[in-house]
Amino acid sequence: MRRLALLFAGGAVWLFLAAIPVFADGGPHIASVNSGTAGLNADSCAGCHRAHTAQGEFLLIEEEPAMCLVCHGASGTGATTDVENGVQYTLGTDPLRSGTVLGYTRAGGFVNARIGSGEAVRVAYLSGTNVRQNGKVPVRTAGSQPVTSAHMPNTAGVVGEGDGIAWGNGPDSVTAYAGPEVAVGCTTCHNPHGNGQYRILNTLPDPAEAGVDVFVPAATAAPVTDAALPPTGDTRNYTIIQTNGGTGTLLASQVQALGLPSTAGDYWRRKVPWNGTTGTSNDAPNGQSATFYSQISTWCLTCHTRYLSAGWDVQTTDNIYKYRHTSNASSRNCITCHVAHGSNAQMPDYNSQHVAFPDNITGGQFNPVSSTASTDSRLLKVDNRGTCQMCHEPTGTITAGTQVGPTPVPLLP
Ligand code: HEC
Ligand code: HEC
Ligand code: HEC
Ligand code: HEC
Ligand code: HEC
Ligand code: HEC
């Protein structure tokens with residue numbers, strides 16, 4: 001009822017706005033443009049809405065997610081990023097997307113991705129008296145592959161809104177309970193009108209329930225600080241190419257100026273540069289290396305509540321998530337190990353295929369080993385459990401300075 005009222009009020013205003021096209025680079029999602037504070041001459045509305053000839057609900061040019069893919073799809077032309085293939089192109093004029101690949105995007109892809117999940121590199125270094133590991137996951141040499149897991153499912157290459165269990169949503173539970181089934185679309189996570197947040201992420205995701213169980217929204221909003229908007233004539237860098245210095249952010253033009261091939265960059269991005277032991281910074285695509293990791297993890301935790309760890313050795317009162325690996329520290333946060341959209345990592349072997357999803361419950365008892373094999377990669381960036389080996393060498397036999405993985409070492413950064 002409230003949404004319907006808003007639709008009418010907003011729709012009436014919008015009819016006046018659509019006529020005057022003035023559009024800053026950086027996309028149609030800029031809050032100050034859509035709110036009107038930047039002037040009553042927004043061009044953005046016309047990217048997504050039609051007054052009389054709409055093809056989707058809310059007077060949209062298409063139903064979601066197809067309407068987002070009009071610009072962000074593989075054959076979209078209205079944005080430099082192609083989220084189906086996890087690619088960013090350089091900025092063109094008309095169309096906005098040129099034919100030149102700038103690089104491969106941080107979130108992976110919904111249909112195909114080019115994460116070099118089988119080409120990870122690791123180098124041991126001395127930290128005090130401990131031997132520790134640094135790693136890098138490059139862009140896949142042999143090109144892109146179909147994804148093996150994604151936050152939204154694709155059927156024969158068509159990305160759809162999907163129902164799935166919001167794993168671990170809700171408070172700790174003494175009875176085995178994996179989480180509610182919800183509907184996830186692009187606007188579950190992103191705010192199409194802009195909100196000044198990193199990647200226009202909704203600060204309080206509240207997906208519609210698709211089953212009987214109730215989704216428990218986070219008690220407090222989870223903001224993720226944004227970088228400054230790009231100047232007119234440029235666009236942001238959404239690729240995995242970062243340089244050091246804590247600022248993290250580069251504009252698309254600055255990435256071009258580096259002169260690196262489009263296959264440069266690091267999907268693991270635990271440290272920038274990946275093999276530095278001093279003078280490194282954390283992953284900081286918003287230029288906030290001291291806070292990005294905790295903000296982005298807190299954001300993922302708005303849905304996956306029970307993935308928050310109080311320390312790997314702390315036993316919780318939850319029946320399924322009894323002990324939990326650290327997941328919100330600077331060097332091991334949700335998006336150190338996972339991508340946000342979809343991954344092509346491979347799970348060819350037995351043990352990785354028999355890791356149960358949290359709903360493997362029989363007779364009220366959770367079993368962490370599944371009796372049926374699954375090649376789902378759970379948005380991980382490295383094949384099988386190579387993820388663990390990116391940081392751990394449990395035998396204690398590798399000495400500092402030893403590098404494992406393919407040579408030559410993939411390009412810095
Ligand atoms: C990037 C695409 C996009 C742009 C740009 C955009 N909208 Fe929307 N708009 C949507 C979507 C998607 C919805 C459906 C509700 C939602 O997901 O928030 C929507 C919903 C609305 C609503 C219904 C109220 C609501 O939020 O539920 C109004 C009114 C509206 N838009 C007006 C505008 C106006 C006016 C502009 C330009 C100033 C604009 N929109 C720009 C995508 C867009
Ligand atoms: C489950 C939440 C979620 C859903 C669903 C989702 N996104 Fe994202 N998206 C994110 C997050 C988080 C990031 C930031 C990832 C990072 O910086 O590592 C992101 C990044 C992006 C980017 C920047 C490019 C990149 O790859 O980093 C674009 C563009 C984008 N999303 C568009 C979309 C579109 C279009 C859809 C629907 C087809 C969608 N997203 C669905 C969470 C989501
Ligand atoms: C009319 C074209 C158009 C449509 C439709 C559109 N976008 Fe965008 N979007 C852009 C452009 C242009 C940018 C700037 C970056 C780029 O070139 O990819 C952008 C940027 C983004 C970003 C990164 C924002 C940031 O903070 O830097 C996200 C996330 C995103 N879009 C999600 C969506 C989602 C979700 C939808 C559907 C509701 C959508 N877009 C529909 C054109 C569009
Ligand atoms: C140290 C690496 C690492 C970090 C950090 C991490 N994960 Fe995971 N995650 C994994 C692995 C590996 C799996 C596959 C299942 C397994 O082996 O337990 C997984 C699986 C999942 C799943 C699928 C359901 C399941 O449990 O199998 C969800 C949801 C998930 N992680 C969410 C998160 C969230 C949210 C965060 C941040 C709060 C996070 N993860 C941080 C490694 C990690
Ligand atoms: C809006 C709620 C929401 C947010 C926010 C969210 N997720 Fe999820 N996540 C889901 C749902 C629902 C599923 C189940 C999807 C399915 O089964 O298709 C899921 C699935 C997953 C999986 C398992 C994927 C698979 O198919 O194996 C992982 C891993 C995961 N999420 C990690 C993350 C990380 C990391 C973040 C933050 C970048 C995040 N999620 C943010 C709702 C969310
Ligand atoms: C990004 C780096 C990173 C990844 C990836 C990672 N770990 Fe860890 N892990 C750590 C760090 C650092 C600690 C130390 C304690 C802490 O953070 O709570 C730790 C702690 C542990 C511990 C507790 C004992 C100890 O050595 O302190 C175990 C067991 C463990 N990890 C296993 C795994 C497994 C299994 C995987 C793969 C599913 C994995 N880890 C992936 C960084 C990582």
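## Hairpin of β5 and β6

Strands β5 and β6 form a hairpin in which 2 residues lie between the strands, and G128 in the turn adopts a positive phi of about 65°. In this predicted model, the two strands, β5 (residues 121-127) and β6 (residues 130-136), pair in the antiparallel sense over 7 bridges. Within this pairing, V123 has N134 of β6 as its bridge partner.

Strand β5 also pairs with β18 (residues 403-404), to which it is joined by 2 bridges in an antiparallel arrangement. Here R122 stands opposite V404 of β18. Of the 7 residues of β5, 5 are buried, so the strand is largely enclosed by the rest of the structure.

## Sheet of β1, β2 and β3

An open sheet is built from 3 strands in the order β1-β2-β3, with antiparallel pairing. Strands β1 and β3 stand at the edges and each has a single partner strand, so one side of each is left without a neighbour in the sheet. Strands of a sheet pair through backbone hydrogen bonds, in either a parallel or an antiparallel manner. Strand β2 (residues 87-91) is mostly covered, with 4 of its 5 residues buried.

The antiparallel contact of β1 (residues 81-82) with β2 comprises 2 bridges, and T81 has Q88 in β2 as its bridge partner. The hairpin of these two strands has 4 residues between them, and G86 takes a positive phi near 65°. On the β3 side, 4 bridges join β2 to β3 (residues 97-104), again with antiparallel strands. Bridge partners across this pairing include V87 with Y104 of β3, and L91 stands opposite R97 of β3. Strands β2 and β3 likewise form a hairpin, with 5 residues between them.

## Iron site of ligand 3

Which protein atoms are donors to the iron atom of ligand 3? They are NE2 of H29 and NE2 of H72, which lie 1.9 to 2.0 Å from the iron atom. H29 belongs to the loop between α1 (2-17) and α2 (31-35), whereas H72 belongs to helix α4 (residues 66-72), so the pair ties together parts that are 43 residues apart in sequence.

## Cysteines and disulfides

How many disulfides does a search of the whole structure find? The search finds 0. Two cysteines may be described individually. C48 counts as buried because its relative accessibility is 18%, under the 20% limit for that class. C186 is buried as well, with a relative accessible area of 17%.

## Confidence of the model

The protein chain averages a pLDDT of 91, and 92% of the residues score at least 70. Over residues 1-25, however, the pLDDT is below 50. This stretch has 30 contacts in the model beyond near neighbours in sequence. Helix α1 (2-17) falls within the range of residues 1-25 that has pLDDT below 50.

How values were computed. Residues are numbered from 1 along each chain as its sequence is written. Chains are lettered from A and ligands numbered from 1 in the order in which they are written. This is a predicted model: local features need pLDDT of at least 70, side-chain atom pairs count only at pLDDT 80 or more; totals for chains, interfaces and linings use all residues. Side-chain values use heavy atoms; hydrogens and water are left out. Buried means under 20% relative accessible area, exposed over 50%, partly exposed in between (1.4 Å probe, protein chains only). Two strands pair if DSSP finds at least two bridges between them. pLDDT is the predictor's confidence in each residue, from 0 to 100. Contact means heavy atoms within 4.5 Å. Donors are N, O and S atoms within 2.8 Å of the metal (3.2 Å for Na, K and Ca); water is not among the atoms, so sites may look incomplete. A disulfide is a pair of cysteine sulfur atoms within 2.5 Å.
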